[in-house]
Structure formats: structure tokens, C-alpha cells
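Subject: Structure handover

Dear colleague,

Here is the structure I said I would pass on. My notes on it follow below.

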Amino acid sequence: MFLIIDSPIDVPWVLSQISSPENGATATFMGTVRNHSQGKPVRKIRYEAYEPMALKSFKKINLEAKVLWKISDLSIIHRVGMLSIGEIAVLVAASAPHRAEALAACGYAIDRVKEISPIWKKEFISREAEKLVFSY
Amino acid sequence: MNVTIKLFASFREMFQKDEMEFYVPENCTLLELNRLIGREYPEFEQVPGRWAVNLELKALDYRLKGDEEIAWIPPVSGG
């Protein structure tokens, strides 16, 4: 499953969609909004994506991971819009017959998302100014 | 020919819009497009970015045909 969505990620629902009797392992990674960035307090983060290209990049990452490991499913879901501290910005879930492949593919996929997917975040600090902490 | 360039993140804020129309010569390369935009908007060249054409990153020697979907991709920061 590959999605860019502007509403909260329903993790149990996603996991239910990829469960299969042949799988002995599902590894998940959730990226959440942290309340600090390089020493500065963060109040919220806005994410934006070039959606069709981001979805294409997720499919590319899936193909790469399936060449490297014996996995049955890889799902990548990224949220866009304004997110508060603690909210899930990205969910990666890799399922496989065995845990080593699931864990490896999950780690690989989130690294690749951060490397190639056209998604950007903007961090907001003070409530008054909502000024940019760092450029994108 | 006119090309429409999709803008994101810092570039969207810089130009205060999601898309920018630009007139370029026929068979213009992406490198020439960079220079044409930079001539009109010097700030454009101050933030690194890459060109995506039809959802794929392209090298600067790519020649535009005019019917592609073109986007300027600043450094990504998802996840």
C-alpha cells in the first residue's frame, strides 16, 4: 500500500490490510513529530509532497526492497499537512515469512524515503511568529 | 514555447505560488532553463534543486519538448 494522506494514519488498519498467513513477521517504522530540532523547540511541522512523484518513488523503493530481500509486502504511507508533536508523519511496514528480512527491508525503505521521495517539512517554533527554524 | 513549472517547499514560498509559467526557446535544455530563470529571478539560483520531468529526475542536458510535466525539486526532507 502506497499512500500520501492528509488525515491521521490508521496504523492498525494498515497492518490488518497487509497481514497474511504466510508471514511470520511484520516490521514497522513510525516517524513521529519531535518537539525539538537541532536544539530549538518545535511546536508543529507542516509536510508537503509532490504526490504523484512521491507515490512513484514509494513503488520504486518497494521494487528495490523486493530485489534485495524475500518480503511479501512493503507499505509506505506518508502524511501531509500540519502535524502536532507526537503525530505519525510516516509509516513503513514490511512483512515477510521471517523477521530478518522484514526488519532489513523496513530500515532500508525509510532510509530511501528520506533520500529520494519528494516530500518536505517545515518546522515551526514560536507561537507568536511561527517563524521558520531552518530552511526546508 | 511556454512551460509550466511546479514549485514546492522553499521555491513555492519564494515565488508565492504553486506553479510558474515561463517562456523558453524550442528544444531548450534544463541547463538553459536554469539560466533563463536565474536571469529573471537571481534568488532562484541560491537554493539547490533538481529538475523532475514527467515525475523522473533529469540531468541538465535534457531537452524539453514542451508537453512535459516539469517540477523544480528542492532538497527533500520527508520522513
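In what follows, axes are lines fitted to C-alpha atoms, for helices over the stretch in contact, and angles run from 0 to 180 degrees between N-to-C directions. Helices (H or I, at least four residues) and strands (E, at least two) are DSSP runs, numbered from the N terminus. On those terms, α2(A) and α3(A) pack at an angle of about 145 degrees, and their axes are 10 Å apart.

The model is a predicted one: local features need pLDDT of at least 70, side-chain atom pairs count only at pLDDT 80 or more, and totals for chains, interfaces and linings use all residues. Residues are numbered from 1 along each chain as its sequence is written, while chains are lettered from A and ligands numbered from 1 in the order in which they are written.

The helix pair

Contact here means that the C-beta atoms of two residues, placed from the backbone, lie within 7 Å. From α2(A), the residues A:S57, A:I61, A:E64, A:A65 and A:L68 meet A:A105, A:Y108, A:A109, A:R112, A:V113 and A:I116 of α3(A). By class, this contact has eight nonpolar, one polar and two charged residues (nonpolar: Ala, Val, Leu, Ile, Met, Phe, Trp, Tyr, Cys and Pro; charged: Asp, Glu, Lys and Arg; polar: the others, Gly among them).

The sheet

Both helices also lie on strands. Helix α2 (residues 51-68) of chain A lies across β1 and β6 of chain A, at about 150 degrees to β1(A). Helix α3 (residues 99-116) of chain A lies across β2, β6 and β8 of chain A, at about 145 degrees to β8(A).

Four strands of chain A make an open sheet of mixed pairing, in the order β1-β6-β8-β2. Strands β1 and β2 (25-32) of chain A are at the edges with a single partner strand each, so one side of each has no neighbour in the sheet. From one strand to the next the twist averages 10 degrees.

Two strands pair if DSSP finds at least two bridges between them. Strand β1 (residues 2-5) of chain A pairs with β6(A) in the parallel sense over four bridges, and A:I5 has A:R79 as its bridge partner in β6(A). The pairing of β6(A) with strand β8 (residues 88-96) of chain A is antiparallel, over six bridges. In β8(A), A:V90 is the bridge partner of A:H78 and A:A93 that of A:S75.

A residue is buried if 20 or more other C-beta atoms lie within 10 Å of its own, exposed if 12 or fewer, and partly exposed in between, with C-beta atoms placed from the backbone. Six of the seven residues of strand β6 (residues 73-79) of chain A are buried, so the strand is largely enclosed by the rest of the structure.

Chain A overall

Chain A has three helices and nine strands, in the order β-α-β-β-β-β-α-β-β-β-α-β from the N terminus. Buried residues are 34% of its 136 residues. Of the contacts in chain A with a separation of 6 or more, 76% are between residues 24 or more positions apart. The C-alpha trace of chain A spans about 55 × 25 × 25 Å along its principal axes.

The chain contact

Chain B gives 14 residues to the contact and chain A gives 19.

Regards
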